[in-house]
Amino acid sequence: MEKRVIIMNFEIASQAYEAFSKVKKLQATRALKGEQMAVVHHSNDGAHQFQIEDFLDFTGNNKSSTGGLIGMMVGILGGPIGILLGWFTGGMIGASRDVKEVRDAQGVFAFLIDKIKEGDTGLLLIAEEDDNRPLNQLIMNELGGEITRLNYEEVEEDVKKAQEMAKNNNNEVNDEN
């Protein structure tokens, strides 16, 4: 079993909440081994903010929505580094940032922005699956959604790169002041 970051997107926001509820049942029946799960909304007000609407830590560690990989991903997307990674990857970055550095860190964030578009609500899940059919059946067949599975280690690496960029960016700003 390999740990994955699973992105699920839907046509209707309420389907993400329904999936959240039903994935909890899959966890209870051991159809998958969940670690964390969150309903995430991408605002359409021009601010390009990602917000966690509902969150569950299956591990019993009582991590808040800001703890763990999901919280870090959403936090990066919600901050100024998210703007660099997702929305202004053209000339604006070229003036202030090494384009290769931004593109190297973009990976999962650009993918997430593409899957959960402005105004959409999706579901993020960190889990291990022996068999992907139960989740596929629920998300694709019952709810008409789409599923993308990403390697956990690769996502974790992208998060680390983005955090390092943010740290370096903050250091540059502090050095200028």
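A salt bridge is a side-chain nitrogen of Lys or Arg within 4 Å of a carboxyl oxygen of Asp or Glu. The views below come from a predicted model.

**View 1. A salt bridge between D131 and R133.** The closest N and O atoms of D131 and R133 are 2.8 Å apart, which places the pair within the 4 Å limit for a salt bridge. D131 counts as partly exposed, because its relative accessibility is 28%. R133 has a relative accessibility of 58% and therefore counts as exposed. The structure holds eight salt bridges.

**View 2. The open sheet of five strands.** The strands follow the order β3-β2-β4-β1-β5, and their pairing is antiparallel. At the edges stand β3 (50-57) and β5 (146-151); each has a single partner strand, so one side of each has no neighbour in the sheet. On average, neighbouring strands of this sheet are turned by 20° against each other, direction ignored. Helix α6 (residues 133-142) packs on the sheet and touches β1, β4 and β5. The direction of α6 makes about 140° with that of β5.

**View 3. Strand β4 and its bridges to β1 and β2.** Of the eight residues of strand β4 (residues 121-128), seven are buried, so the strand is largely enclosed by the rest of the structure. Strand β1 (residues 3-9) runs antiparallel to β4 and is joined to it by seven bridges. R4 has A127 of β4 as its bridge partner. Strand β2 (residues 33-42) also runs antiparallel to β4, with eight bridges between the two. A38 has its bridge partner in β4 at L124, and G34 stands opposite A127 in β4.

**View 4. Charged residues E2, K3, R4 and E35.** Side chains of opposite charge can pair when their charged atoms come close. K3 and E35 form a salt bridge, with their closest N and O atoms 2.9 Å apart. This pair links distant parts of the chain, since K3 belongs to strand β1 and E35 to strand β2, 32 residues apart. K3 also lies over the face of Y152, at 4.1 Å from the ring centre. R4 forms a salt bridge with E2, where the closest N and O atoms are 3.5 Å apart. R4 counts as partly exposed at 25% relative accessibility, and E2 counts as partly exposed at 37%.

How values were computed: Residues are numbered from 1 along each chain as its sequence is written. This is a predicted model: local features need pLDDT of at least 70, side-chain atom pairs count only at pLDDT 80 or more; totals for chains, interfaces and linings use all residues. Side-chain values use heavy atoms; hydrogens and water are left out. A charge sits over a ring if NZ of Lys or CZ of Arg is within 6 Å of the ring centre and within 35 degrees of the ring normal. Buried means under 20% relative accessible area, exposed over 50%, partly exposed in between (1.4 Å probe, protein chains only). Helices (H or I, at least four residues) and strands (E, at least two) are DSSP runs, numbered from the N terminus. Two strands pair if DSSP finds at least two bridges between them. Axes are lines fitted to C-alpha atoms, for helices over the stretch in contact, and angles run from 0 to 180 degrees between N-to-C directions. Contact means heavy atoms within 4.5 Å.
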